[in-house]
Amino acid sequence: MGDKQEKKEKKKDKLPRQVMPEQKADVRRHNFDEVPLGFTEQLAMQEASRCLQCKKPACVDGCPVEIDIPGFIKYIQEGDFTRAIRHIWQKNSLPAICGRVCPQEDQCEGLCILGKKGEPVAIGHLERFAADHERHYGTGQLPPQAKATGKRVAVVGSGPSGLTVAGDLIQKGHEVTVFEVFHKGGGVLVYGIPEFRLPKEIVAQELNFLERLGVKIQCNEVIGKTTSLDELFEEGYDAIYLGVGAGLPRFLNIPGENLVGIYSANEYLTRANLMKAYRFPEYDTPLVKGRDVAVFGAGNVAMDSARTAMRMGADNVRIIYRRSRDEMPARQAEIHHAEEEGIQFYLLTAPTKFIGNEQGRVTGMECLQMELGEPDDSGRRRPVPVKGSEFELDCDLAVIAVGAGANPLLTQSTPELQLNKWGYVIADEKSGKTTKKRVWAGGDIVTGAATVILAAGAGRIASNSIHDYLSVGW
Amino acid sequence: MFEIVKRKEMAQGTVVLNEIKAPKIAAKAKPGQFVILKATETGERIPLTMAYTNPETGIIATIYQVVGKSTALFSTLKEGEGYQDVIGPLGKAMDIEKLGTVVCVGGGTGVAVMHPITKAMKEAGNHVIAIIGARNKDLLILEEEMKAASHDLRVCTDDGSYGHHGFVTDVLKQTLEAEDVKLVVGIGPVPMMKFVTKMTREYNVKTLVSLNSIMVDGTGMCGCCRVSVGGETRFACVDGPEFDGHLVDFDELSKRLQAYTDMEQESYEKFKCET
Ligand SMILES: Cc1cc2nc3c(=O)[nH]c(=O)nc-3n(C[C@H](O)[C@H](O)[C@H](O)COP(=O)(O)OP(=O)(O)OC[C@H]3O[C@@H](n4cnc5c(N)ncnc54)[C@H](O)[C@@H]3O)c2cc1C
Ligand SMILES: Cc1cc2nc3c(=O)[nH]c(=O)nc-3n(C[C@H](O)[C@H](O)[C@H](O)COP(=O)(O)OP(=O)(O)OC[C@H]3O[C@@H](n4cnc5c(N)ncnc54)[C@H](O)[C@@H]3O)c2cc1C
Ligand code: SF4
Ligand code: FES
């Protein structure tokens with residue numbers, strides 16, 4: 001088989017990986033429109049034709065929700081886009097989103113056999129294509145729904161994890177209400193990830209789809225304050241899923257951090273995305289516009305913040321990261337996009353303090369140069385300061401994107417929920433069950449800040465377990 | 001939509017009262033807690049304290065001063081109209097205990113925030129002295145209500161047009177001299193709270209203040225509302241809004257409250273032109 005596959009590989013690999021058209025860097029750095037423009041049908045079919053249809057597809061092993069990748073790609077090859085999307089839906093209910101934001105290079109595409117010698121199949125682009133095609137040209141027909149069971153499920157949090165649970169269980173005939181503290185559903189997909197990477201219209205469409213299936217989305221409700229978990233049970237809910245995310249900002253804890261113009265990434269992005277501060281004064285929420293912007297951290301959140309600041313009209317945007325390029329956790333594509341847009345990378349650099357003026361606004365900061373020392377607990381080489389390497393940088397807007405923690409608002413009000421030492425909810429990996437009866441949890445509130453697909457995957461596992469409970473028992 | 005069932009103007013129209021239908025919030029709210037309101041799709045999220053609530057009728061009341069675009073927009077909403085979004089109850093409820101003599105000092109619209117606390121302090125069995133102030137007689141709010149909520153109401157105006165001529169801190173000083181005060185609660189503009197705490201520190205009387213830092217989500221998710229208390233950063237929306245006034249860095253708070261002055265003015269001017 002190995003031989004045959006090798007031959008097949010040679011023959012097909014002649015066609016290069018198809019490139020998705022995108023907005024030019026010097027244009028897009030001034031607007032909030034989506035950067036990659038999507039495949040045409042022709043590009044998609046060409047790209048799909050590169051897939052070898054492996055008998056033992058490595059790509060699937062890399063997919064946290066085990067989408068039958070060669071399966072859906074084959075339908076695209078054949079031009080049957082409707083079947084392609086239906087095939088994906090069996091495993092993933094948010095393909096338009098995942099196709100755009102998943103770290104494919106570490107997942108499916110990272111393992112694709114073609115990647116060994118050349119470029120892997122553009123699986124993410126194809127997933128996105130199938131979903132977009134359905135959104136634009138699909139019939140909008142709803143999937144079949146099981147007969148009503150009369151059971152009621154409360155989903156807390158409307159991020160990818162909660163939405164997955166809601167979609168699964170409504171189709172199985174249960175009544176589902178999603179409770180969301182913000183005035184709009186979608187979780188990080190609406191308040192965190194910017195428009196230019198994930199158009200909000202797509203998230204709205206997913207929410208609309210769930211509503212058409214009968215899911216109720218109840219915004220402006222703080223579970224743990226407006227209503228407690230026990231009160232939800234008293235109201236007649238049979239099961240509760242917690243998908244409340246990791247909504248606690250982390251700061252640097254260095255002097256001057258409360259100066260005006262210094263934001264957590266959560267605040268900066270929420271103002272920009274959810275509140276649409278980039279359209280001030282048409283929208284009422286203001287946002288500091290920086291000339292010299294510093295963004296701390298090098299994950300997706302940092303890239304999103306930096307690219308947002310650039311679009312808000314900054315002169316200089318600097319990513320400040322204390323480790324080296326190899327350790328940057330952001331998706332490759334986003335680092336690449338950020339560089340193209342003129343964002344500068346100050347690697348092996350750590351801030352020591354912020355400097356402000358009389359009005360209490362940030363004007364600059366002091367940094368230290370770092371070098372890599374011995375490996376630390378995470379196996380990454382620990383950055384250590386270089387003596388006497390202090391230097392100053394101008395900075396009138398700083399965004400701190402060095403990770404998130406567990407928000408205690410809900411968990412504090414529910415003592416029966418056992419937490420780990422970082423405050424995340426303990427849930428069984430195979431079922432999502434927590435230590436409180438009839439309560440499941442998944443996504444960032446269990447794993448800590450992770451990815452959309454892992455949150456959705458955890459939702460899928462829990463929805464199966466919830467369905468079992470509602471049909472059989474705990 | 002969250003319907004406004006009653007609207008009333010106070011202090012010559014500079015202050016507005018809204019009774020809003022929000023039964024779930026009314027059922028839970030405790031003195032000192034607040035809500036976040038957003039009037040329209042393009043609106044801002046604005047925190048306002050609940051001046052009173054009625055669990056039976058499902059009503060919460062806000063009393064707000066018109067200071068900028070969002071509060072001006074709120075003030076255009078008529079009875080029968082409403083807010084697109086109201087979320088709450090947010091923040092910690094104030095600890096209400098029987099302590100002895102308690103002084104409640106309210107300035108400006110801080111009086112509205114103070115009212116439910118004063119009432120609860122009295123109901124808990126404290127001897128409650130309330131001191132309220134405004135720039136002049138016409139701007140004074142809730143005098144009758146505060147009279148009913150306390151044992152002893154002392155009123156001051158900056159210009160002497162009514163009650164004691166001077167600041168609330170003058171009357172507070174006299175009170176601290178004359179009585180064995182166990183707790184002072186001070187709520188109002190930042191400079192007022194700063195002076196109240198400065199004075200009570202001299203008398204070594206525990207003082208609680210309610211901090212009105214700028215907020216976005218109100219659930220501890222963004223850190224916008226951070227304040228320095230005893231050298232530590234705390235989030236006013238979840239750790240407060242009440243804090244030990246002797247530990248608060250008021251100068252930092254004042255500066256943070258001015259983060260958007262220029263943009264706020266631009267927004268307000270635009271709104272005035274449009275209406
Ligand atoms: C800026 C940014 C960029 C990112 N980029 C990527 C990327 O490119 N690729 C990727 O895979 N991942 C990315 N991530 C991570 C990914 O978005 C998260 O891992 C994922 O959204 C987690 O999903 P969730 O459903 O667990 O929680 P969330 O999406 O956080 O949703 C939780 C929801 O619960 C609500 N909630 C919280 N508490 C309560 C309560 N008490 N009552 C009611 N509702 C409550 C919250 O308001 C929120 O809407 C990014 C994250 C951020 C912040
Ligand atoms: C917990 C809390 C409770 C409050 N309770 C009351 C109340 O009961 N009655 C009352 O009159 N006011 C109250 N305030 C203050 C009220 O929120 C502001 O006056 C209001 O936001 C002003 O908005 P604006 O657009 O009309 O004015 P703007 O012109 O935008 O602002 C005027 C000033 O208000 C402050 N402010 C602006 N935006 C916000 C925001 N999003 N959050 C908080 N402050 C902001 C700023 O310091 C600004 O300089 C409270 C504030 C907090 C934090
Ligand atoms: S995407 Fe790559 S690994 Fe997956 S089936 Fe196609 S060629 Fe094989
Ligand atoms: S308002 Fe966002 S943390 Fe307090």
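**Around ligand 1**

Modeller: Ligand 1 has 34 residues around it, and the closest are Val101(A), Glu180(A), Arg197(A), Ile223(A) and Asp444(A). Keep in mind that this is a predicted model. Val101(A) puts a backbone N or O atom 2.6 Å from a nitrogen atom of the ligand. Glu180(A) works through its side chain instead, with an N or O atom there sitting 2.6 Å from an oxygen atom of ligand 1. Then there's Ser161(A), where a backbone N or O atom lies 2.9 Å from a ligand oxygen. As for cover, ligand 1 on its own would expose 1000 Å², and the protein buries 93% of that.

So where does the shell come from? Three helices of chain A each give two or more residues: H10 (160–171), H15 (300–311) and H19 (452–471). H15(A) has the largest share, with three residues. Ser161(A), from the backbone contact above, falls within the 160–171 range of H10. By residue class, the shell splits into 17 nonpolar, eleven polar and six charged residues. Glu180(A) and Arg197(A), both on the list of closest residues, belong to the charged group, and so does Asp444(A). Val101(A) and Ile223(A), also on that list, count as nonpolar.

Terms used
Residues numbered from 1 in each chain as written. Chains lettered and ligands numbered in written order. Predicted model: local features only at pLDDT ≥ 70, side-chain atom pairs only at ≥ 80, totals over all residues. Heavy atoms only, no water. Near = heavy atom within 4 Å. Polar contact = N/O pair within 3.5 Å; in protein donor to acceptor, adjacent residues only side chain to side chain. Areas by Shrake-Rupley, 256 points an atom, 1.4 Å probe, with all protein chains shown as cover. Helix = DSSP H or I, 4+ residues; strand = E, 2+ residues; numbered from the N terminus.
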